[in-house]
Amino acid sequence: MTHSPPSIDHDILVAPSRTRATEYRPYGDRAHVLSQAEDYSALTETPVAVCCPNCGEAVTLYERGVPDVVPHFDVACEQCGVDLRAWCAVAVDAAYLQIVEPSTLTEMVQQYWNNWIWGGITNSKGEPRNDEYTNLLETKAAAFGWNWEITCPLCRRSLTDLGRTSAIADGNLDYHHWSHDPDRGVCLCRECHDIIGFDTYDTKLEERAESWGFDSRHDLQIIRLALRDAAATGRPVGPRCATELIERYNLPQSTERVEELLRAVSRQEDLQELFIDERLVAGLGE
Ligand SMILES: [Zn+2]
Ligand SMILES: [Zn+2]
């Protein structure tokens, strides 16, 4: 038992307060990345083991469940020789400990990291802090010996690939704001960022949205994003993809609105002509 005194951690170890919808949940409510576990009552009322996401070993036991506020968590996995923090440890209902697979725990943590980075990590002033988290996560991945790398959620290229093709600025993903208040956005590589915005300025895009009969530039960006996503995945655009797009790209629009936009572009050829050009698929399939 390694209960630390309950104190809220204000440094880099604090997970963003908002929980993203795309959490990967192979064990349902019985296992969550520790920094999210306090949000799930199933893990606050039963004995919970905190496990290493690499070897699966339990490093800590919360006999009375995960505390309301997870205290500063810093426990080493002796087996792997890696310090575990709340964002790289998995809380597992102790009754399920025998059935969890280390490889699944690894995947849970890596998916959590993807969503964390892709959702845009900002400080209290809304300024992106992706650089330091990029370093933090890649260093931790290396310590575990994982070949996980930060990727652009849209073109699916890794930072290494992006660096090689100069599709990135400063070696990090860009934070694209969907809205400032509340702060909400998605991180994309520079190339994807430019492409969804038709390689033009926000003001120009706003004018274009108006002349094409849309509400705002975000409508145009969502359609471009959906079409580029379709090109990257080989799955055609249609209203059925709305939920998936909202989750993956952290869109603030309602499902109905996104469905409406996707329906329009999948049915109207004149719209397709406006949105589909060679640039749309730049950098894909290389
Ligand atoms: Zn371990
Ligand atoms: Zn990209």
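The legends below describe views of one chain in a predicted model.

Residues are numbered from 1 along each chain as its sequence is written, and chains are lettered from A and ligands numbered from 1 in the order in which they are written. In this predicted model, local features need pLDDT of at least 70 and side-chain atom pairs count only at pLDDT 80 or more, while totals for chains, interfaces and linings use all residues.

View 1. Helices (H or I, at least four residues) and strands (E, at least two) are DSSP runs, numbered from the N terminus.

**View 2. Strands 7 and 8 form a hairpin with 4 residues between them.** Strand 7 (residues 174-179) runs antiparallel to strand 8, joined by 5 bridges; strands pair if DSSP finds at least two bridges between them. Gly 185 in strand 8 is the bridge partner of His 177. Of the 5 residues in strand 8 (residues 184-188), 4 are buried (20 or more other C-beta atoms within 10 Å of the residue's own, with C-beta atoms placed from the backbone).

**View 3. Helix 7 covers residues 217-233.** Its first and last C-alpha atoms are 24 Å apart, close to the expected 24 Å (1.5 Å times one less than its number of residues). Helix 7 is mostly covered, with 13 of its 17 residues buried. Gly 234, with a positive phi near 75 degrees, follows helix 7.

Conventions. A residue is buried if 20 or more other C-beta atoms lie within 10 Å of its own, exposed if 12 or fewer, and partly exposed in between; C-beta atoms are placed from the backbone.
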